[in-house]
Amino acid sequence: MSARSALRRYMLVNFLTWLPPGLMMASMVLLMTDRGLSLAQIGLSVTVFSIVTVSLELPTGGLADVVGRRMVLAASAVFTVAGLALMSVSTTFWMFVLSGVLKGVARALSSGPATSWYVDTLHGIEGHEADLKPGLARGGAMESVALCAGVLVGGGLPLLVPPSLMLPLAAPPLLGAVAAVVLLVVVVFALPEPAHERRSLASVLREVPATVTGGVRLAVGGAMLRRLMVAAAASGVVLMTIELLTPGRLAELAGTAERGSLVYAVVAALGFAGSATGSALAP
């Protein structure tokens, strides 16, 4: 495999990893509202997703060193398929919560293995002096491109789906599940496992408490890091509030939930386009 081929595969996997979340993003809150969930229940469902993701970040972080990068990415794709397929047919609060759990597991599993695969592969081709910055920047740009394209398609799709066929707002997450199946196929057949250091599961799990303790001590001990943590937490609260409240308000202004989904998609796509441009220019 050449360096150019490795970069193309890395960019494709990054694109397909973030396409399913992009597809379901614009319609998610509106779908839950249409199924009868209150704003508090929607917020709780999203919070469950966030808690699962954060809780599993460290335990799953070293899993790729145990079972391989490709295996972890494939597992992430499977959980994404399950989570989005369940979301498209969910009719109760607890079904949406379970969908959030599955999506949280998928998100935690997808955090890191693709980048590790590219780094290990490029090191195997060009040695440890290989310049990683351009490839990693392009991979980051593809994530934002996928979110931008996905949110536009997912936002407009409910306007094209006949209500007699299915609930229009349920079509985007179902299409996201299909996209995750494509990701699974690509990961299994197009990502040969690179050579890397193998570790035992026990050693990975033993490191988790020490890593958490060290991270907290580092963040609390430095004034600059404390300010960064406060800023990150504040921006997270603001963004979550916007994501929960904006779709419903835009649906009211647009007249229907389907039109509101499209308007929200356009607004979100502009942000992702800016993010993609920044990632591409970063090197």
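**Helices and pockets in a predicted chain**

Tutor: Let's start with the fold: the chain holds 11 helices and zero strands. This is a predicted model, in which local features need pLDDT of at least 70, side-chain atom pairs count only at pLDDT 80 or more, and totals for chains, interfaces and linings use all residues. Residues are numbered from 1 along each chain as its sequence is written, and side-chain values use heavy atoms, with hydrogens and water left out.

Student: What makes a stretch count as a helix or a strand here?

Tutor: Both are DSSP runs numbered from the N terminus: a helix is H or I over at least four residues, and a strand is E over at least two. Read along the sequence, the pattern is α-α-α-α-α-α-α-α-α-α-α.

Student: What does S99 touch?

Tutor: Leaving aside residues up to four places away in sequence, S99 touches G83, L86 and M87. A contact means heavy atoms within 4.5 Å. Of the chain's contacts with a separation of 6 or more, 81% join residues 24 or more positions apart.

Student: What makes a space a pocket rather than a cavity?

Tutor: On a 1 Å grid over the protein atoms alone, a cavity is a set of points where a 1.4 Å probe fits but cannot get out; a pocket is an open set with protein on both sides within 12 Å along at least five of seven lines. Lining residues have an atom within 4 Å of a point. Grid points are joined across faces, edges and corners, and a volume is the space filled by probe spheres set on the points. By that account, the largest pocket has about 970 Å³. Its lining has 36 residues, and W18, M24, F49, R107 and E243 are the closest to the centre.

Student: Which helix gives the most to that lining?

Tutor: Helix 1 does, with nine residues.

Student: How do you know how many residues of the largest pocket's lining are nonpolar?

Tutor: Ala, Val, Leu, Ile, Met, Phe, Trp, Tyr, Cys and Pro count as nonpolar, Asp, Glu, Lys and Arg as charged, and the others, Gly among them, as polar. The lining then divides into 22 nonpolar, 10 polar and four charged residues.

Student: What lines the second largest pocket?

Tutor: That pocket, of about 160 Å³, is lined by M25, L239, I242, E243, Y264, V267, A268, G271 and F272. Helix 11 gives the most, with five residues. Sorted by type, this lining has seven nonpolar, one polar and one charged residue.
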